[in-house]
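Please look over the sequence and the model shown here before reading on.

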Amino acid sequence: MDNDAKMLEEMGQAVVAMQLKYRAAPLRDRMTLKPTLEELLADYARYQVKLLKEGTISTDADVAEAASIRAEIEKAAKTEALLKAVARTVAFVALRV
Amino acid sequence: MHNKSRLALMGLCLLALAAAGCSEEKAKAIALAAEDFGRTSEEALASIDDLFTQSVAMPAEADSTRVDKMATDMADNTPFEAAELNQLMTEGEVGLKARDILSNEFDSLRARFVEVRTMFRTLPMGPRLSKKAVADSEKLLMRLTGDLYKMGANLAKQPAQFTGRRTLLVELIQNDKKIVDKASREARLRADAHSLLQLRRDELAARTAAVQRCYLAAEAGRSLSDMARHYGDLDVQSILDITKDSMKLAADLTFQSNAIDGLAKRIEHAEGAIRSDPYWKVILEPAPAR
């Protein structure tokens, strides 16, 4: 599996982790998280399109960063921590698409 | 349309054209090949669009499930105002931004292929005019063919995750793990394991189908590009034979192979062949501007 495939695996798992947290959150927290979740899904879409058109774009450091963000989303117990983790993803993808 | 049905229908058209056999028929024959290229490339783009859309989808839920959750939300002790109402009313729209991004991307990709289809549909039927129009289309055809090989090769390496369905499955497993009765819990978890395997098969099948369609469209594009290049020297029968070969590949591939690794190798081989061909290389990899 090359770095791009690893990146997509990590990002896909981050999206699933975020969807799980969002859906389990109380109404007020979901209101706060909704724009961030939208942005994460949008970034995942942009990243896939970029890979489709260009092929190789991910480095070892990218894969390590994506894995670290995914782990942060999974362990985030509070809304603020989740927002912070996803903000890292959004900033990370913005530099690459 | 199913590949076999398409092959049968196109076969009838090809026979009719072969029987006619004059220069107007030659233009019609290449227009028919262009139709096939247009259709296969449209199918390829639709498959990728669908694959990516499923990867950014939120879990799909029945209204009854949503109603249960809304009732729980409303029963909460916190105040319920206009913003809370709006949140509940619009939760089904989460993911709209991602879907818009994909729609825009695929619409602009599709537009380039529609251009080719339109170009050939309006092909002038006079021998000299049609020869010029076909020659004018050649470079665009070659670039689109190169793009299709590239997308197929890239897609073969891109793992697909249907995130909405994965999320639902995780929730299901988390709930089933809590069942107290051992026999019921084990039965439910076995059912979940089957769902897990099915989801994996569905993800792989959707990706394989998209890669396969890219490959078929690229092969149709390569045949059409070659026809455009040698249009002046080809007779009607030769054009029809090339078109038939291209469509036969589609029918054979559907029933002989659907493995992604095999497809990736075919694409790699075909793409390598055109990129190392000096004639194609000039078009696909133009020298950087000074």
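This is a predicted model: local features need pLDDT of at least 70, side-chain atom pairs count only at pLDDT 80 or more; totals for chains, interfaces and linings use all residues.

Residues are numbered from 1 along each chain as its sequence is written, chains are lettered from A in the order in which they are written, and side-chain values use heavy atoms, with hydrogens and water left out.

The largest cavity holds about 70 Å³ of space, and its lining, meaning residues with an atom within 4 Å of a point, includes A:Glu10, A:Met11, A:Tyr44 and A:Phe92. Two or more lining residues come from each of α1, α2, α3 (60-75) and α4 (79-94) of chain A, these helices being DSSP runs of H or I with at least four residues, numbered from the N terminus. The largest share, 4 residues, is that of α1(A). By class the lining divides into 8 nonpolar residues, 1 polar and 1 charged, with Ala, Val, Leu, Ile, Met, Phe, Trp, Tyr, Cys and Pro counted as nonpolar, Asp, Glu, Lys and Arg as charged, and the others, Gly among them, as polar.

Turning to open space, the largest pocket has a volume of about 520 Å³, a pocket being an open set of points with protein on both sides within 12 Å along at least five of seven lines. Of the 22 residues that line this pocket, A:Arg23, B:Glu61, B:Arg66, B:Lys69 and B:Glu91 lie nearest its centre. Helices α1 (3-24) and α2 (27-54) of chain A and α3 (63-75) of chain B each give two or more residues to the lining, and α3(B) gives the most, with 5 residues. The pocket lining is made up of 11 nonpolar, 2 polar and 9 charged residues.

The contact between the chains, defined by heavy atoms within 4.5 Å, takes 44 residues from chain B and 33 residues from chain A. About 3,500 Å² is buried between them, with carbon and sulfur atoms giving 57%; buried area is the accessible area (1.4 Å probe) that the two parts lose on being put together, summed over both. On the chain B side, B:Gln87, B:Pro159 and B:Gln161 lose the most area to chain A, together 16% of what that side buries.

Between chain B and chain A there are 7 salt bridges, each a side-chain nitrogen of Lys or Arg within 4 Å of a carboxyl oxygen of Asp or Glu. A:Arg30 forms a salt bridge with B:Asp73, the closest N and O atoms being 2.6 Å apart, and A:Arg30 also meets B:Glu91 in a salt bridge at 2.7 Å, N to O. Because A:Arg30 lies in helix α2 of chain A and B:Glu91 in the loop between α4 and α5 of chain B, this pair joins two chains.

Key:
On a 1 Å grid over the protein atoms alone, a cavity is a set of points where a 1.4 Å probe fits but cannot get out, and a pocket is an open set with protein on both sides within 12 Å along at least five of seven lines; lining residues have an atom within 4 Å of a point. Grid points are joined across faces, edges and corners, and a volume is the space filled by probe spheres set on the points.
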